[in-house]
Amino acid sequence: MRMSTDHPAVTVVEARALHFRAGASHILRGVDLTVRRGEVVALLGANGSGKSTLVKSLVGINAPTQGEARLLGAPVGSGVDWSRVGYVPQRSGAGGGIPSTAQEVVASGLLHGRRLRLPRGWRERVAAALDQVGLGDRGGDPVHLLSGGQQQRILIARALVREPDLLILDEPVAGVDVASQEAFAATMRRLVDDGLTVLVVLHELGELEPLVTRAVVLGHGKVVHDGAPPRPREDHDRAGHRHQHPHADDNTLGEQARALDLEVRP
Ligand SMILES: Nc1ncnc2c1ncn2[C@@H]1O[C@H](COP(=O)(O)OP(=O)(O)OP(=O)(O)O)[C@@H](O)[C@H]1O
Ligand SMILES: [Mg+2]
């Protein structure tokens, strides 16, 4: 059940001093992150800065070497009500090599934890989720025959079919055409208005820009900015404002902003 968004801020995602090490590489180096109910937080940063690693630690794929992560009030693990969490991994083949139809892949989003049977009414829910990503007529298609962008949209539908309270997306619109990005942004707008909380890894804010309430920028496994979303240069120029540089002594943030071709609002 979703609670109204005017309820006092409830922490939905919490990471405290999260470290992740693989061999000698320190990939996350003490990440603190809080996402409250109703927020749409964009997780930004250059390639290799640790965004996917962080997101995987939050959904329990990576066990952090130090620190704590909590989702929906419970430590990441079997105590989390995973039926309320939707996750879209970064660009992975939706079919996993097994010839499944789009409908089957989306329906797998209704299975979690101990739920090994599809719930009553699953066909309608799957059809609605496919409609939300503009693929309502492709349910019977084998996913491996869909285009890369269409497969990505199937993964989004697989996350949406749960009607989650929390959606964690790792570059959901990479490789998705502008029209489908717009449709995705419109779907997200409706869900967010209905109380959905979102943590989304992005390289550019793109069509989601109006929805994003806060940006967290990672640089070399650390949070280097947590606050107002960076504004794309193009928009800034269009608005006729002078280019504003990030604070002079914050070199890391400046580097991040340059790497992303973004600028940070004062
Ligand atoms: N299990 C692992 N073992 C070794 N190295 C890893 C492991 N997981 C991630 N890395 C390394 O950690 C760094 C961060 O990877 P990650 O996928 O989190 O980056 P990212 O910010 O998501 O980048 P991109 O924007 O390219 O998706 C990379 O250099 C990657 O090679
Ligand atoms: Mg990544």
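Tutor: The questions below concern a predicted model.

Student: Which strands stand at the edges of the open sheet, each with a single partner strand?

Tutor: The open sheet has six strands with mixed pairing, in the order β6-β7-β8-β3-β9-β10. A strand at the edge has a single partner, so one of its sides is left without a neighbour in the sheet. The strands in this position are β6 (85–88) and β10 (222–227).

Student: In β9, what is the bridge partner of Leu44?

Tutor: Strand β3 covers residues 40–45 and strand β9 covers residues 214–219. The two pair in the parallel sense over five bridges. In β9, the bridge partner of Leu44 is Val217.

Student: Which strands does helix α5 touch as it packs on the sheet?

Tutor: Helix α5 spans residues 178–193, and its direction makes about 155° with that of β7. Packed on the sheet, this helix touches β3, β7 and β8.

Student: How far is an oxygen atom of ligand 1 from an N or O atom in the side chain of Lys51?

Tutor: Lys51 is among the residues that come nearest to ligand 1, together with Gly48, Ser52, Thr53 and Gln90. A backbone N or O atom of Gly50 lies 3.0 Å from an oxygen atom of the ligand. For the side chain of Lys51, the distance to a ligand oxygen is 2.7 Å.

Student: Which helix gives the largest share of the shell around ligand 1?

Tutor: The shell divides into three nonpolar, eight polar and two charged residues. Its largest share, three residues, comes from residues 51–58, that is, helix α1.

How values were computed. Residues are numbered from 1 along each chain as its sequence is written. Chains are lettered from A and ligands numbered from 1 in the order in which they are written. This is a predicted model: local features need pLDDT of at least 70, side-chain atom pairs count only at pLDDT 80 or more; totals for chains, interfaces and linings use all residues. Side-chain values use heavy atoms; hydrogens and water are left out. Two strands pair if DSSP finds at least two bridges between them. Helices (H or I, at least four residues) and strands (E, at least two) are DSSP runs, numbered from the N terminus. Contact means heavy atoms within 4.5 Å. Axes are lines fitted to C-alpha atoms, for helices over the stretch in contact, and angles run from 0 to 180 degrees between N-to-C directions. A residue is near a molecule or strand if one of its heavy atoms lies within 4 Å of it. A polar contact is a pair of N or O atoms within 3.5 Å; within protein, one must be able to donate a hydrogen and the other to accept it, and residues adjacent in sequence count only if both atoms are side-chain atoms. Ala, Val, Leu, Ile, Met, Phe, Trp, Tyr, Cys and Pro count as nonpolar, Asp, Glu, Lys and Arg as charged, and the others, Gly among them, as polar.
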